[in-house]
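Subject: Structure handover

Hello,

The structure is below, with my notes after it. Please look through both when you have a moment.

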Amino acid sequence: MNDKEEFRAITQMKCHDFVTWHYKRGTLPIQQETPATITGNEVMCSIAAQCEQFGFELLDDSIYKDEQKLGSIGCTEGKWWVIRPTSVHQQKVPCDSAFEAVWVLSMVELTQPSREELLDKPFDELTPQEWERLREYQPVVERELVAA
């Protein structure tokens, strides 16, 4: 019982007597239920459903919002976790459910790169939103100071 041997007897009758005797006294150990295992497909379905609800895009490597990486979600041995992209050590933050994990990712502050960072980025890596920001960019005209 519970991966532990409680009693051993030579015959089935002696085992039955032992169980009956402890049952009548209420001293039988309680059988602990093993948690149901979750398959990879069930995990992915839960994550996909929650991402759809929040309007996020689920790709092979992570979860995205407007082409910006929000992080990763997973379930190991029935325990949900989330990894934020800003985490230095890629630390798993525990969560209670797929909903909570996606909700944690929704709280990630989406930062936009500065115009200078966009100008330094290769053009083939720019997103449509970043191209639009560059188009709106007006260079600063420095005025010459005229000594009077």
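Among contacts (heavy atoms within 4.5 Å) in the protein chain between residues at least 6 apart in sequence, 32% join residues at least 24 apart. Of the 148 residues of the chain, 22% count as buried. Buried means under 20% relative accessible area, exposed means over 50%, and partly exposed lies in between, with a 1.4 Å probe and protein chains only.

Some ground rules. This is a predicted model, where local features need pLDDT of at least 70, side-chain atom pairs count only at pLDDT 80 or more, and totals for chains, interfaces and linings use all residues. Residues are numbered from 1 along each chain as its sequence is written, and side-chain values use heavy atoms, with hydrogens and water left out.

**Layout**

The protein chain has five helices and five strands. Both are DSSP runs numbered from the N terminus: helices are H or I with at least four residues, strands are E with at least two. In sequence order the pattern is α-α-β-β-β-β-β-α-α-α.

**The sheet**

The five strands form an open sheet, ordered β1-β2-β3-β4-β5, with antiparallel pairing. Two strands pair if DSSP finds at least two bridges between them. β1 (57–58) and β5 (93–95) are the edge strands; each has a single partner, so one side of each has no neighbour in the sheet. In general, strands of a sheet pair through backbone hydrogen bonds, either parallel or antiparallel.

β4 covers residues 79–83. Four of its five residues are buried, so this strand is mostly covered. On one side, β4 pairs with β3 over five bridges, in the antiparallel sense. Ile-73 stands opposite Val-82 of β4 there. β4 also pairs with β5, antiparallel again, over three bridges. Trp-80 has Cys-95 in β5 as its bridge partner. Trp-81 stands opposite Pro-94 in β5.

Check the backbone of Glu-77: its phi is positive, about 50°, although the residue is not a glycine. Is Glu-77 buried or exposed? Glu-77 is exposed, at 77% relative accessible area.

**α2 against α3**

Helix α2 spans residues 40–54 and helix α3 spans residues 98–106. Their axes come within 9 Å and cross at roughly 45°. Axes here are lines fitted to C-alpha atoms, for helices over the stretch in contact, and angles run from 0 to 180 degrees between N-to-C directions. The two helices are therefore oblique to each other. For reference, angles under 35 degrees count as roughly parallel, over 145 as roughly antiparallel, 65 to 115 as roughly perpendicular and the rest as oblique.

α2 passes α3 in a right-handed crossing.

Which residues of α2 and α3 meet? From α2 come Ser-46, Ile-47, Gln-50, Cys-51, Gln-53 and Phe-54. From α3 come Ala-98, Phe-99, Val-102, Trp-103 and Ser-106. By class, this contact has seven nonpolar, four polar and no charged residues. Nonpolar covers Ala, Val, Leu, Ile, Met, Phe, Trp, Tyr, Cys and Pro; charged covers Asp, Glu, Lys and Arg; the others, Gly among them, are polar.

Gln-50 lies in α2 and counts as buried at 17% relative accessibility. Beyond residues up to four places away in sequence, Gln-50 touches Ala-98, Phe-99 and Val-102.

Phe-56 sits in the loop between α2 and β1. Phe-56 is buried too, at 13% relative accessibility. Leaving aside neighbours within four places in sequence, Phe-56 is in contact with Cys-51, Ile-63, Tyr-64, Lys-65, Leu-70, Val-102 and Ser-106. Phe-56 and Ser-106 are 50 residues apart along the chain, and their C-alpha atoms are separated by 8.7 Å.

His-22 belongs to helix α1 (residues 12–25). At 17% relative accessibility, His-22 is buried. Not counting residues up to four places away in sequence, His-22 touches Thr-27 and Leu-28.

Best regards

Methods: Left-handed = near helix turned anticlockwise from the far one by under 90°.
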